[in-house]
Amino acid sequence: MGVSLRSRWVFLPLILALGAVTLYFLRLQVRHEAQPIPEEPRPPEPPKGPIFKNASRDVAPPLPEYFPLAAKANSPSDFPPIPSWNRPPEEHVPETTRLYIGFTRFWPLLQQVVVSYITAGWPPEDIYVVENTGTMDANKRGQLTIQNPFYLDYDRLTRILGVNIITTPSLQTFAQLQNLYLSEAINNNLTYYFWSHMDVAVLSHEHKEPFKSLYMAAVDVIRETQKPDYLRDENGHKQEWGIQFFAYDWLSLVNVETFSKIGGWDSMVGYYGTDCDMYSRLSMNDYAQPVQDAGRIYDVTTSLDDLEVLYRRRPKKQANRRDTSDRKAGSYNSTLPSPNQAYLDSTEEDDRAGEGYKSLNATFEQMAQDKRDDKFRNSWQLRQNGGEGEPYYYDPDGFEKALQMTVKVGTKINEEKWGHKGCDIRAAGLKDGDQWRVEHDSTF
């Protein structure tokens with residue numbers, strides 16, 4: 001049936017309304033598309049050049065003078081005499097008694113160990129400080145200040161205290177330094193030599209009878225090793241020795257021939273672990289490592305306030321000064337007067353094994369305990385952070401970081417060398433010749 005014209009007009013308003021709505025939305029879309037899209041924020045441009053770490057650093061206070069007497073001395077004669085019971089023979093013993101002491105950082109400890117050996121009887125001319133600072137001749141020329149970690153008082157050591165200095169051409173690792181001692185001994189035709197750590201202090205056993213100074217007790221060890229039947233067993237087998245330990249290797253006597261036979265120290269293992277490697281190889285080759293006792297040896301991190309106490313003087317009764325013999329055991333303080341003739345005239349030698357010795361021993365024992373209690377037992381190496389602008393300057397924080405990285409690498413090398421972690425290399429069933437030939441064991 002057809003639709004009437006009138007009916008068709010009924011839909012016209014609806015059609016117009018739909019057209020209007022469609023047009024409206026088309027305009028909205030066009031307007032939206034025409035609007036610019038906002039850009040995302042750009043990250044800030046990085047600064048040009050290097051980015052520096054926080055440069056703020058607490059500057060350590062200047063080091064005090066731990067040996068005022070030496071600071072005022074013009075010659076060895078300005079010192080009090082070495083305690084009579086410790087004085088070495090006027091004529092040098094027939095044995096060679098060269099003692100090497102390596103030094104890299106912290107002058108107060110080096111000065112203390114040198115003075116303690118001298119006052120325990122070791123002839124100054126037999127002491128060789130090996131300056132391993134990497135600063136060439138700067139110390140000899142007096143170009144470093146006392147707050148520089150690598151500073152040492154060259155003039156005081158050589159002219160006033162009378163010891164020798166060997167300067168390394170560049171900074172050596174611990175293992176390289178040990179090989180330098182060995183090389184020096186070979187080049188000087190020595191059959192044995194002593195070496196000591198720099199962070200120790202020594203005293204003689206003053207209470208023991210018959211008394212021997214630390215030096216003469218060490219000489220007796222040499223003489224014992226020279227006897228034809230030394231280390232000969234009941235079957236006539238004579239064992240050779242490699243090293244004599246005095247309080248582990250804080251002080252050691254080295255047999256040049258045996259150290260040479262096993263190839264010296266492994267320079268690839270620069271620091272921790274290199275002693276395990278060396279002493280294990282000695283044991284693997286049946287070289288004895290006897291333990292000896294020549295005196296008291298303390299592992300310390302700081303210096304006595306005044307090293308003059310090592311010369312063991314006390315006030316005469318008629319002297320008008322305070323008696324310091326009752327100072328608290330463990331105290332690092334000393335109040336001895338200025339070094340001059342009046343002082344020598346007003347003081348006298350202390351008693352061997354007397355109250356002065358007991359107090360000094362108690363002080364060193366406390367200092368050693370402080371080191372054992374210190375989580376960072378070698379924190380003494382970080383007490384100086386000056387020297388900027390001086391010859392061969394090396395940033396102290398950077399030096400310590402680089403050193404610790406080198407230590408870790410050396411430890412890793414030793415573990416790979418033996419396929420084993422730890423110092424018990426021989427107990428793990430390894431023998432000389434197994435180096436670099438074994439797979440990792442269960443310690444990995």
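A charge is taken to sit over a ring if NZ of Lys or CZ of Arg is within 6 Å of the ring centre and within 35 degrees of the ring normal. In this predicted model, the charged end of Arg-98 sits over the ring of Tyr-128, at 4.0 Å from its centre. Tyr-128 also belongs to a cluster linked by ring pairs.

Aromatic pairs number 22. One joins Trp-107 and Tyr-151: the ring centres are 6.2 Å apart and the planes meet at 85°, so the pair is edge-to-face. Trp-107 lies in helix H4 (residues 107-119). Tyr-151 lies in the loop between strand S2 (127-131) and helix H5 (154-160). The pair therefore ties together parts that are 44 residues apart in sequence. Trp-107 is buried, at 4% relative accessible area. Tyr-151, at 14% relative accessibility, also counts as buried. The rings of Tyr-117 and Trp-122 form another edge-to-face pair, with centres 5.7 Å apart and planes at 85°. Both Tyr-117 and Trp-122 are buried.

Gln-244 was examined next. This residue lies in strand S6 (residues 243-246). Its relative accessibility is 0%, so Gln-244 counts as buried. Leaving aside residues up to four places away in sequence, Gln-244 touches Val-221, Thr-225, Tyr-230, Leu-251, Ser-252, Leu-253, Pro-290 and Gln-292. With Gln-292 there is a polar contact between side chains, at 2.8 Å. Thr-225 is 19 residues from Gln-244 along the chain, and their C-alpha atoms are separated by 9.5 Å.

Key. Residues numbered from 1 in each chain as written. Predicted model: local features only at pLDDT ≥ 70, side-chain atom pairs only at ≥ 80, totals over all residues. Heavy atoms only, no water. Helix = DSSP H or I, 4+ residues; strand = E, 2+ residues; numbered from the N terminus. Buried < 20%, exposed > 50% of the residue type's maximum accessible area, 1.4 Å probe, protein only. Contact = heavy atoms within 4.5 Å. Polar contact = N/O pair within 3.5 Å; in protein donor to acceptor, adjacent residues only side chain to side chain. Phe/Tyr/Trp six-rings, centres within 6.5 Å; stacked < 30°, edge-to-face > 60°.
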